[in-house]
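Dear colleague,

Here is the structure that I promised to hand over to you. Please open it beside this message, and read the notes below with the chain in view.

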Amino acid sequence: MNRDLVAKEPSKTFSDNQNYWGASIFTQRYSYCSVAAAINEIGDRFAFEDSAQRNYGAAATWWMLKCVKAQ
């Protein structure tokens, strides 16, 4: 598989990370099967400074696996 992520849906800009060094990474991950999503999948806040919730970590892993298997 190609190591570069190819966008599968339109990217999304999160309201709370515009000046953050990793903003482009979050945007890229969102456009690849929504692997990076807004906190609780509501609104446009990523909450990058908050600790990850276990359920979100599990969901992001599942989204990534589902997306990779489709290729």
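Of the 71 residues of the protein chain, 27% count as buried, where buried means under 20% relative accessible area, exposed means over 50%, and partly exposed lies in between (1.4 Å probe, protein chains only). This is a predicted model, in which local features need pLDDT of at least 70 and side-chain atom pairs count only at pLDDT 80 or more, while totals for chains, interfaces and linings use all residues. Residues are numbered from 1 along each chain as its sequence is written, and side-chain values use heavy atoms, with hydrogens and water left out.

The protein chain has two helices and zero strands; both kinds of element are DSSP runs numbered from the N terminus, helices being H or I with at least four residues and strands being E with at least two. Along the principal axes, the C-alpha atoms fill a box of roughly 30 × 25 × 20 Å. If we take the contacts with a separation of 6 or more, residues 24 or more positions apart account for 51% of them, a contact being heavy atoms within 4.5 Å.

Next comes the helix α1. The buried residues of α1 are A23, F26, Y30 and S31. Seen down the axis of α1, these buried residues fall within an arc of 130°, so they line one face of the helix; the arc is that of the directions from the helix axis to the C-beta atoms. After α1 comes C33, whose phi is positive, near 65°.

In the segment before α1 (23–31) you will find N17, which counts as buried because its relative accessible area is 3%. Leaving aside its neighbours within four places in sequence, N17 is in contact with A23, F26 and F48.

The structure holds one salt bridge, a term that requires a side-chain nitrogen of Lys or Arg within 4 Å of a carboxyl oxygen of Asp or Glu. This salt bridge joins the side chains of D16 and R45, at 3.9 Å from N to O. The pair links distant parts of the chain, 29 residues apart, since D16 is in the segment before α1 and R45 is in the loop between α1 and α2 (54–69). D16 is partly exposed, with a relative accessible area of 24%, and R45 is also partly exposed, at 39%.

The loop between α1 and α2 also holds A47, which is buried because its relative accessible area is 8%. Not counting residues up to four places away in sequence, A47 touches D16 and I39.

Finally, a search of the whole structure finds one aromatic pair. Y20 and W21 form this pair, which is tilted, with 5.4 Å centre to centre and 40° between the planes; rings of Phe, Tyr and Trp (its six-membered ring) pair if their centres lie within 6.5 Å, and planes under 30 degrees apart count as stacked, over 60 as edge-to-face and the rest as tilted. Y20 is partly exposed, at 26% relative accessible area, whereas W21 counts as exposed, at 68%.
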